[in-house]
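Welcome! Here is a short briefing to read alongside the sequence and the 3D view. Take a look at the structure first, and then follow the notes topic by topic.

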Amino acid sequence: MTMAMPCNVCTSITSLSDIGMGTDSEQLKSSIDNVIGGFERTQTIGSKDQMRNDLARVFVEYSSQDWDGEGALPISKDAYFETLRFIKGLPTYLDVPLPVISPDNDGEISLEWYRDNRHVLVVSISGKNSLAYAGLFGANKIYGTEYF
């Protein structure tokens with residue numbers, strides 16, 4: 001059995017000191033490393049590589065004037081980089097599917113999470129430090145604009 005001892009040199013739960021620690025603590029440390037490593041490799045919203053790839057594809061494909069044949073504005077570099085910053089800020093531990101990333105005809109980029117007709121969340125990113133959002137969660141509706 002391992003005896004509990006204070007750790008004065010620990011900087012985090014994953015950098016435990018080995019001084020005075022037995023096999024039980026080594027197994028605990030290994031288990032913690034496996035759990036934390038799993039969070040870093042999550043395939044839900046934590047799959048930010050896929051989101052960044054989707055964003056880059058949208059930016060390249062829709063960054064020219066009149067991309068829809070109806071006068072649509074091109075996706076701006078500001079909207080691209082702001083969306084990239086938004087993606088980086090999303091938590092990686094939620095069990096939420098990846099959003100659909102699409103262009104808006106006003107030059108903004110939208111991220112849409114869709115479960116069914118009554119459960120939808122859309123965030124539009126303008127590149128002007130603001131996020132416009134609208135959500136439908138059953139009978140509940142939300143919408144607004146937030147400073148980003």
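This is a predicted model: local features need pLDDT of at least 70, side-chain atom pairs count only at pLDDT 80 or more; totals for chains, interfaces and linings use all residues.

**A first look at the sheet**

In strand β3, H119 stands opposite D116.

**How the strands are arranged**

- The sheet is open and has five strands, in the order β1-β2-β3-β4-β5, with antiparallel pairing.
- Strands β1 and β5 (140-147) stand at the edges with a single partner strand each, so one side of each has no neighbour in the sheet.
- On average, neighbouring strands of this sheet are turned by 15° against each other, with direction ignored.
- In a regular strand, side chains alternate between the two faces of the sheet.

**Pairings and turns, strand by strand**

- Strand β1 covers residues 100-103 and strand β2 covers residues 109-116; the two pair in the antiparallel sense over four bridges.
- Within this part of the sheet, S102 stands opposite S110 in β2.
- The hairpin of β1 and β2 has five residues between the strands, and G107 in this hairpin takes a positive phi near 90°.
- Strand β3 (residues 119-125) pairs with β2 in the antiparallel sense over seven bridges, and a hairpin of two residues joins β2 to β3.
- Strands β3 and β4 also pair in the antiparallel sense, over seven bridges; here V120 has L136 in β4 as its bridge partner.

**Helices on the sheet**

- Helix α2 (residues 48-61) lies across β1 and β2 and runs at about 15° to β1.
- Helix α3 (residues 77-89) packs on the sheet and touches β1, β2, β3 and β4, while its direction makes about 45° with that of β2.

**D104, in the loop between β1 and β2**

- You can find D104 in the loop between β1 and β2.
- Is D104 buried or exposed? Its relative accessible area is 18%, so D104 counts as buried, the cut-off being under 20%.
- The side chains of D104 and S110 are joined by a polar contact of 2.8 Å.
- Leaving aside neighbours within four places in sequence, D104 is in contact with W67, L73, I75, I109, S110 and S124.
- One of these residues is S124; D104 and S124 are 20 residues apart along the chain, with their C-alpha atoms separated by 8.2 Å.

**S126, in the loop between β3 and β4**

- S126 has its place in the loop between β3 and β4 (130-137).
- With 12% relative accessibility, S126 counts as buried.
- Which backbone nitrogen does the side chain of S126 reach? The answer is that of K128, at 3.0 Å.
- A polar contact of 3.5 Å also links the side chains of S126 and S130.
- Not counting residues up to four places away in sequence, S126 touches S76, A79, E82 and E108.

**Q50, in helix α2**

- Q50 belongs to helix α2, and its relative accessible area of 35% makes Q50 partly exposed.
- The side chain of Q50 makes a polar contact of 2.8 Å with the side chain of D54.
- Q50 and L98 are 48 residues apart in sequence, and from C-alpha to C-alpha they are 8.4 Å apart in space.

Notes
Residues are numbered from 1 along each chain as its sequence is written. Side-chain values use heavy atoms; hydrogens and water are left out. Two strands pair if DSSP finds at least two bridges between them. Buried means under 20% relative accessible area, exposed over 50%, partly exposed in between (1.4 Å probe, protein chains only). A polar contact is a pair of N or O atoms within 3.5 Å; within protein, one must be able to donate a hydrogen and the other to accept it, and residues adjacent in sequence count only if both atoms are side-chain atoms. Contact means heavy atoms within 4.5 Å. Axes are lines fitted to C-alpha atoms, for helices over the stretch in contact, and angles run from 0 to 180 degrees between N-to-C directions.
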